[in-house]
Amino acid sequence: MIDRVFEKLEKMVRVMKAGVAFIVLLGFVVPTVSLSQEQDPHFDVFSEDSYPSAFQCANCHEQIFEEWRSSSHAYASISPMFHKFEQAINNLAPTIGSFCVRCHATVGTQMGEPRELPLWERSQVAREGVTCITCHRVSETYLRVNGERHIVPGNIFQPVYGPYDGSGVDAVVDEASAYRVATNESERGNQIHTEAIEFSPISKSEFCIGCHQVAVNLGIKLEVVWEQFRDSPAFRAGVTCQDCHMSAVPGVASGKSRGPSAVVNGEALNPNREHSNHAFAGPGYPIAHPGIFPHNAEAAENWTIEEWLEFDYRAGWGEIDYEDFLEDEEIEASFPDTWEDRYDREEAREIIDIQLEKIAEKRELRREVMENGSRLDGPFFDDPPEVGRSLRFAYKVTNTNPGHNLPSGSLGAQPELWLNVALIDPDGNNIWETGYVDSNGDMADLHSLDVAAGRIEHDDQLFNLQTKFLTTNVKGTDREMYLPVNFDLDQIPFLRPPPQPTTVINHPPFVRMEGRSLPPLGSRFANYTVPASIMKKAGKYRLAARMRTRAEPIYFMRFVGATSDMEQAMNEWMLDIHPYTVEFSVE
């Protein structure tokens with residue numbers, strides 16, 4: 001054992017580039033000095049040299065780049081909601097430090113970029129979130145959680161690690177001049193990595209644990225998808241995360257598609273090899289400005305993030321009709337200096353349109369994942385419907401996904417999935433509904449601001465699968481909270497470690513998460529009662545049902561300081577799945 005420790009100690013190196021020191025010790029990389037671009041003029045050179053951007057990889061791996069650039073992995077560091085949430089958590093518990101960004105901006109964290117550094121001051125590769133090298137420059141097995149992983153630094157020519165051997169790369173390197181590629185800085189051509197090393201752990205579910213099984217310092221597990229998967233039928237059948245999330249059919253272990261590993265100088269390498277889809281289909285979605293995300297080289301080269309944030313794409317800037325009306329003085333508008341010129345706005349609009357098409361593809365992938373993993377059946381009536389009699393019925397919600405709960409356990413108590421059912425009478429009037437939303441787009445539950453203000457009624461029959469934080473307080477009994485933090489004078493827990501191990505009571509003292517999600521292949525009935533006083537008329541009635549899902553409640557977004565544009569985008573992404581209407585007779 002001692003010999004193995006000394007072997008590790010012998011590997012200790014101190015890398016002193018761009019004023020950033022890292023101590024590589026026992027498989028950990030700890031930033032010891034944190035310098036920004038302003039403090040060190042070599043910062044950008046260092047980041048570009050040691051941590052290649054996905055834009056460089058796109059030269060040969062265009063299909064993979066196109067899949068990845070709109071993925072949730074690519075969005076990890078861009079997400080404005082992440083930044084708002086991360087800052088709010090650090091305000092409440094400053095000792096958290098770089099806990100969140102070491103997964104969301106792994107490269108930036110490893111380079112020593114401060115966690116609070118604005119997006120527009122970060123290096124390009126750090127803005128790429130879970131980028132190519134985040135996975136393909138990992139050369140050791142890390143079975144720990146909470147983002148403990150080391151990216152091997154090195155320029156574009158250094159080896160990458162993947163599920164296959166490097167025979168294809170070897171062939172290109174051997175014929176570098178024919179393929180017009182550069183294998184070192186002295187050569188001309190498209191610069192490529194000169195070796196691909198087979199690394200089998202990248203194909204295993206355990207490779208994903210580091211960022212998808214996360215416990216915060218309270219002892220509450222913010223991410224529990226690994227625990228859900230480990231106790232699932234999919235795990236017992238030998239299905240991996242990659243089998244579903246990188247498959248040909250979103251969210252289903254249907255097998256991989258086929259395609260080349262790379263296209264170099266127009267020639268496809270390994271043209272019929274198994275292709276892993278790097279869109280990583282899942283329920284997540286972007287609410288960032290489309291000039292910033294999905295990642296787009298032309299957008300990044302022409303305008304800065306700050307400039308894009310000033311471009312009002314919702315108002316129609318750059319659209320031909322808008323610009324013509326403006327020129328004819330049929331409408332009036334003022335523009336920031338960057339966007340004064342019509343042709344700049346039109347050029348930006350062309351990029352925005354491309355981006356919006358890519359986002360539409362992301363939306364469709366999300367819909368497919370959610371519908372492939374769930375089913376809604378019903379209504380099932382307790383008794384024949386009659387006038388003047390209470391109408392009792394139920395819908396059955398089933399999780400058809402063998403690998404995760406519905407919804408899955410990411411983001412703690414934020415992801416929402418609920419059932420919206422409405423009863424329409426013979427005259428076409430909506431006479432009863434549950435699962436409705438308030439003026440902000442929130443469900444009418446205990447957290448609704450409209451319910452609290454008395455503007456709408458509490459939805460007593462709401463069927464909601466959202467996980468909730470429960471806290472034990474001085475006044476009253478257990479209570480649902482946005483987060484387990486001290487919002488008021490109640491003595492509820494601060495975000496700090498408990499005095500005893502959470503394993504003793506299986507949750508921190510006075511706070512726990514109440515999971516309401518459906519286990520893999522599980523189902524639950526949503527039971528409803530329409531009062532007899534409403535069933536006044538005989539004839540044809542209709543029951544309209546749909547499941548609705550959204551990543552973040554608006555009340556929580558306001559808690560962390562989200563902008564109104566972020567709220568609007570979040571509601572625009574609200575997804576309806578399995579919508580259908582059933583007609584029945586009431587006698």
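This is a predicted model: local features need pLDDT of at least 70, side-chain atom pairs count only at pLDDT 80 or more; totals for chains, interfaces and linings use all residues.

Visitor: How many helices and strands does the protein have?

Guide: There are 23 helices and 24 strands. Of the 587 residues, 48% count as buried. The exposed surface comes to about 28000 Å², and carbon and sulfur atoms supply 52% of that area.

Visitor: What share of the contacts between residues at least 6 apart in sequence joins residues at least 24 apart?

Guide: The share is 68%.

Visitor: Let us turn to strand 16. Why is strand 16 described as largely enclosed by the rest of the structure?

Guide: Strand 16 spans residues 416–424, and nine of its nine residues are buried, so the strand is largely enclosed by the rest of the structure.

Visitor: Which way do the side chains of such a strand point?

Guide: As a general idea, side chains in a regular strand alternate between the two faces of the sheet. In strand 16, Glu416, Trp418, Asn420, Ala422 and Ile424 point one way, while Leu417, Leu419, Val421 and Leu423 point the other way. Both sets are buried.

Visitor: Which strands pair with strand 16?

Guide: Strand 23, residues 539–550, runs antiparallel to strand 16 and is joined to it by nine bridges; within this pairing, Ala422 stands opposite Ala544. Strand 18 also pairs with strand 16 in the antiparallel sense, over two bridges, and here Trp418 faces Asn464. Strand 17, residues 430–434, is a further antiparallel partner, with four bridges, and Ile424 lies opposite Asn430.

Visitor: Is Asp459 buried or exposed, and how far away is the nearest side chain of opposite charge?

Guide: Asp459 is buried yet has no salt bridge. The nearest side chain of opposite charge is that of Arg548, 10 Å away; a salt bridge would require the charged atoms to be within 4 Å.

Visitor: With what does the side chain of Asp459 make a polar contact?

Guide: Its partner is the side chain of Thr434, at 2.9 Å. Leaving aside residues up to four places away in sequence, Asp459 touches Thr434, Gly435, Tyr436 and Ala444.

Notes. Residues are numbered from 1 along each chain as its sequence is written. Side-chain values use heavy atoms; hydrogens and water are left out. Buried means under 20% relative accessible area, exposed over 50%, partly exposed in between (1.4 Å probe, protein chains only). Contact means heavy atoms within 4.5 Å. Accessible areas come from the Shrake-Rupley method with a 1.4 Å probe; for residues, only the protein chains shown count as cover. Lys and Arg count as positive and Asp and Glu as negative; His and the chain ends are not counted. A polar contact is a pair of N or O atoms within 3.5 Å; within protein, one must be able to donate a hydrogen and the other to accept it, and residues adjacent in sequence count only if both atoms are side-chain atoms. Two strands pair if DSSP finds at least two bridges between them.
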